Every structure is written in structure tokens, then in C-alpha cells.
Amino acid sequence: MNTKYYDLINQTFYFPQEEFTLNKDNLQFHNIDLMKLVEQYGTPLKFTYLPQISNNINKAKGWFRKAMEKHKYEGKYYYCYCTKSSHFEFVMNEAFKNNIHIETSSAFDVNIVENLMEQGKINKNTYVVCNGFKREQYIDNIARLINNGHTKTIPVIDNFEELDLLQEKINGKFKIGIRIAAEEEPKFEFYTSRLGIGYKNIVPFYRKQIQENKNVELKMLHFFINTGIRDTAYYWNELLKCMKVYIALKKECPTLDSLNIGGGFPIKNSLAFEYDYEYMISEILNQIKIACDDADVPVPHIFTEFGSFTVGESGGAIYQVLYQKQQNDREKWNMIDSSFITTLPDTWAINKRFVMMAVNRWNDTYERVLLGGLTCDSDDYYNSEQHMNAVYLPKYNKEKPLYIGFFNTGAYQETIGGFGGLHHCLIPQPKHILIDRDENGIVATEVFSEQQTADEVLKILGYEKKEK
């Protein structure tokens, strides 16, 4: 009888997969024995597998190179890392090994850019694309970057007033982009994005504020779709509308030469995940080239701003099942040693699902369960997988500890959850380790941050010990 947890996974999916394999009874992630990590560092445990960052960057660069050769696309490709996905230095250090560029979202991002420049991680040839609504500090920081000689800084205009604000602070000529306010999918609660300038207003805005302005050089049109790059009628329709604006603008503005197709690639959220990255890139470039050829204008250089795709698949979390509660005839609650709300906030905020599997006991029989976190909040739970409306795990056994892993959690979770700060019900932030692999394949681990202590939390709350 196929009653073991291994049988369930094997008959439901193609398994093993590129990053997930089995060593007897235990799960391996990129050939790393996760139970050895548990034995060494305990749980709850967050980890980042650094090589996966470079792997995904180079995959995307290769796909774009191949597609440009296929379509004889004469523009260049620039891979930007979207910093808001994860601002950590260890992410930046790994990402910028790969000759890429950077996209910022707010004022403090520019301070990170300056720090990376001081360390030699990025240089004068690195594009800095500045997105987002720009308050005074952000304007000041962008201006400082440009005034200090970083000519490849491109602030992307989000509203009609930003250009004037930038000109007040920047000395001499500088480059800009304009962001299109894309129309959202019909299911959204709003019709048009709050970010950017409407399709119909972009050419008039150029004529009024940029065309005769000797201090401003328009280089980029920025196109962002909130739901990401997907093979849907909605996406292709918005891309073609964007190209109409680009072509109309290009015919009046010779300096315009770049299209930023912001909006990210999806990442693996289930063992059943399928997405044809090569096809999507090829077809995007094909559609852009067809539109430009028909209008007799040169194709634009292509910028992307991949955040989750860059860093998401490098991250993971491991928890222990502490206890099982049978709350009624049908529901068994496996209680983990941390909180979903605080450590994987997207599971609570937007009902996001990650790849989830048992770390050990794969040869035991399985059962249907609900997963509960430690906070006193009814929303602190995980009740289904991306591919089905249930969670199945090896049967709870008090004498045989069970560990579970959530994978591809490397984007947004630390910043949304509040790294180093206060967490719901004061559940401590878990230990976080970094995993690297050298050119000989030797794996090394180090602790980035220890589990939060009571003293650290009390200090934030103002309960510092007072001297007598």
C-alpha cells in the first residue's frame, strides 16, 4: 500500500526535482541535508542559500541573450535588482557579483547605493533607476548622487511635480524616465495604478515640461504591471498599449532609447509550478520589435527589475511541530514553534503559498492537518497548499519530532515582518543563517543573526534598566 508521506509526494508530483531531493528519510535542498542544519542550529530557523541568487540572475541574462539573438534584436539588456525585495547586505554582495544594475524605491535605498559604491560593489557604470513617490529626503538623496557625478542615475517621474522638485536640487543636466500608470486587471478594486502618469497624459507632459528643457534628457519609459509578467490577454494588451506610447514619444524625443518592463517573474510556489520563462522573454522582445519595425523606430534597450525572482528562491524557514491538538472530529492542529504572521507574513496578509514539505520522517504514514502559529490570533495559521485545499504531513508522534520546511521565502518576508523589531505577541525573531558553496562545492554556513532575546525586545519597548 502507498501510505507513506514519500508515496504521497511521489504520486502527486514529479519528484525529486532540481533543488529538492531525498536522502533516505530526510529532505535535501540543493543537496544540503536540512536535518543537519536543524541539529546544528535548532528551530525555528531562517536560512538564505546565497548561490541561488547568482543562479537566477544568470539564467535570466542567458534567456534575454538567447532571445535577442533569435530575433536579431539590436538593443541591449540591463538586469536591475529591485532592492525592496530584500535590502540585506549579504543579498547585495551576492547579486552584484554578476554585473547587474539597481532599482530603488525610497530615500534610504540611495544611502545603500552610496555604501555599495564606497565598497566597490557598484561603480559609475551601474545604472541606478529611482522609482517610487519621491518625498523631500528621497529627492535630496537622488540629487546628491547625481551632483556627485553618478550620471547613470535615472529618476523615474511618478507625478507632474517631481520634475520641478528634482531640478531645484540637481546641478546641470540629468537623465529621467517616466512611469506609465498602467490599468489594472478587472478584478482589482481600482482601475488605474496610483503610481505613474496616465497613458494619455505622457506625450502632453513631455511637450510641456521636457521638450524645450535644456537640463533634462528623457531616456526611459517605465512600464509596470502589478500582477507581474504572465501569459495573459491582459498583459499582452497592456504591453501593446505601452508600445504605442513609446513609439509616439520616440518620434518626438530622439533621446528616448530605453523601455523598463518592470514587474517581476513568478517564482516556484508549489512542486507543481510551471512557467515558460524563455517563451515569455522571447515573445515580449518579439512583440516590441514588431511594433517598432511597423512604426519605423529603433527598438529600445530593455531594463528589467526582478526582485522576487532574484532573491525569493534563495530563502527558507524550518519549524518543529511542537504539539497536536484535536479540536473536533475532523480538524487536527499541528502547532509550530513560531508564528506565520511574524515570520511568513505574506501567508497571512495576501494568502500567499510557498513550497512546503516535511523535512524528516518521509517513510512514515501521513495525515491531513492544519498548521497553527504561536500567537493569540485566529489568523495565525496555514491551511492549504497552492495545488490543493489541504496540508498533508507525516502523522504526529510525540516520540518522533517532526520538522517542516517552507521554501522560496527569500523576498519581502523579513522587511514586511519587521526584522529586528517587535513582533505580534512578542514572538521572537528566529535565528537566521547564511549558506554558501565554494567553487569546489564545499558548503559553509554562518549565523547572520541569533534568535531575538527578551532583553532586546524590552529595550525596544523602553524597559531599559535604570541605574540606581
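A: Trp-63, Tyr-79, Phe-265, Tyr-275, Tyr-277, Phe-306 and Phe-309 come together as one aromatic cluster. Rings of Phe, Tyr and Trp (its six-membered ring) pair when their centres lie within 6.5 Å; planes under 30 degrees apart are stacked, over 60 edge-to-face, and the rest tilted. Bear in mind that this is a predicted model, where local features need pLDDT of at least 70, side-chain atom pairs need 80 or more, and totals for chains, interfaces and linings use all residues. Numbering runs from 1 along each chain as its sequence is written, and side-chain values use heavy atoms, leaving out hydrogens and water.

The structure has 37 aromatic pairs. One of them, Phe-20 with Phe-29, is tilted, at 5.5 Å centre to centre and 40 degrees between the planes. Both of these Phe residues are buried (under 20% relative accessible area, with a 1.4 Å probe and protein chains only). Phe-64 and Tyr-77, by contrast, are stacked: 3.9 Å between centres, planes 5 degrees apart. That pair links distant parts of the chain, 13 residues apart, with Phe-64 in helix 3 (residues 51–70) and Tyr-77 in strand 5 (residues 77–82). Those are DSSP runs numbered from the N terminus: helices are H or I, at least four residues, and strands are E, at least two. Phe-64 counts as buried because its relative accessibility is 2%; Tyr-77, at 17%, counts as buried too.

A charge gets involved as well: Arg-353 lies over the face of Tyr-382, 4.3 Å from the ring centre (the cut-offs are NZ of Lys or CZ of Arg within 6 Å of the centre and within 35 degrees of the ring normal).

Notes:
Buried < 20%, exposed > 50% of the residue type's maximum accessible area, 1.4 Å probe, protein only.
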